[in-house]
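Student: I am new to this structure. Can you walk me through it?

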Amino acid sequence: MKFDVLVLGGGIVGVSTAVHLRQRGLSVALVDRQAPGRETSYGNAGLIQREGVYPYAFPRDVATLLRYARNRSPDVRYHPSALPTIAPFLARYWFHSAPARHAAIARHYSTLIEHCVSEHRALVERAGAGGWLRQGGWLKVFHHRPAWEAAQREAERWQREYGVPFASLDAAQLQRDEPSLSPALVGALRYTASESVSDPGALVEAYAAYFQSLGGQVLVGDATTLAPQWTVKTGEGEIEGRHAVVAMGPWSDTVTRPLGYRFPLAVKRGYHMHYASQPGAKLNQPVLDAEHGFLITPMTRGVRLTTGVELALRDSPRTPVQLDAVEPMARALYPLAQRVDDTPWMGARPCTPDMMPVIGPAPRHRDLWFAFGHAHHGLTLGPITGRLIAEMITGAPPCVDPRPFSATRF
């Protein structure tokens, strides 16, 4: 039970990393406590965000901060009991979100984002998973003209700085494209270079099946048993690897902390619920209500309603109050019918205060690698992260400069 690489974590980042390593001829074991694609990668909006060159920043204007402080906003909620623990993270997040710092971060972040669609397409083709991929972009819709016009100016800046295309739709164009949406909307933006997925969990499963078809092994095990140099306990017994990759999303610190690393990692939790559509209604693409902070998207199980951000401790009890708050708004936007799921799903997005993932070698341990902290863009950046890690492990020239994402920056 010896391998060249042990990849810890069966989400989109871990599976993509395992695939890229196996494609390069290394023997690889993918280890998780359950089947691939069952945790955070299972329940998201399914967007591959080519437009996401600017990661989500902490608000800095007083009006928005006061609105969030009341803890009744539909897009952001927080657990008051969690604030003493996460306050240092939030302070650093606020610091890095200053306009000049955010712009500098975007210059690095965009080097990953520009590969997100092409790297997914390459894996989709090899895995035979084209049925899950949906082209044509996604929509950001608006109820008020000033908000729409401000978003257009922002999209124009993204297009000017990073070549991100978009289309602006007035109310009539929007009704032609999505006739089931509320006619009260004033307009929308479509990010035409982005793509989406109709079942993110199934896509990760397809990538994992492709990994196994290449000879890779998927094992159920306890990643927290990782010990130098490098062993992990699994249901098949203890396995050994020359290299180990920590790609465990919000649980990565359960492995890195015992090894002496103290990353400023926090989580943004989110919820989703699936719904049937009213007779005659159809949703053709993902739609973000930009002013209320929720997204609806057609999935194989129904129309998925996803919430914004819940700031809480990773393992604290679920509190899906945001879902209850935005459901009436979603019903006003689109004719949802009954709920399909018995209970809301909840996931945790792993976040760093500078909004960039940790990708690269561990500073104090030979042959240990990190690939986590992708926040809202785990699905988006999984394949390019996997490729970058595989290139670094095998000594190939990296397609992206990995230095901005180094663990040493903390």
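**Helix H6 and a helix pair**

Tutor: The face of H6 turned away from its buried side carries Pro 146, Arg 153 and Arg 160, which are exposed (over 50% relative accessible area; buried is under 20%, partly exposed in between, with a 1.4 Å probe and protein chains only). Helices are DSSP runs of H or I, at least four residues, and strands are runs of E, at least two, numbered from the N terminus. This is a predicted model: local features need pLDDT of at least 70, side-chain atom pairs count only at pLDDT 80 or more, and totals for chains, interfaces and linings use all residues. Residues are numbered from 1 along each chain as its sequence is written, and side-chain values use heavy atoms, with hydrogens and water left out.

Student: Which residues in H6 are buried?

Tutor: Seen down the axis of H6, the buried residues fall within an arc of 120°, so they line one face. The arc is that of the directions from the helix axis to the C-beta atoms. The buried residues are Trp 148, Ala 151, Gln 152, Ala 155 and Trp 158.

Student: Which strands do the buried residues of H6 pack against?

Tutor: Contact means heavy atoms within 4.5 Å. The partners are strand S6 (138–142), strand S7 (167–170) and strand S8 (187–191).

Student: At what angle do the axes of H4 and H11 cross?

Tutor: Axes are lines fitted to C-alpha atoms, for helices over the stretch in contact, and angles run from 0 to 180 degrees between N-to-C directions. The axes of H4 (residues 99–113) and H11 (residues 378–394) come within 9 Å. They cross at roughly 85°.
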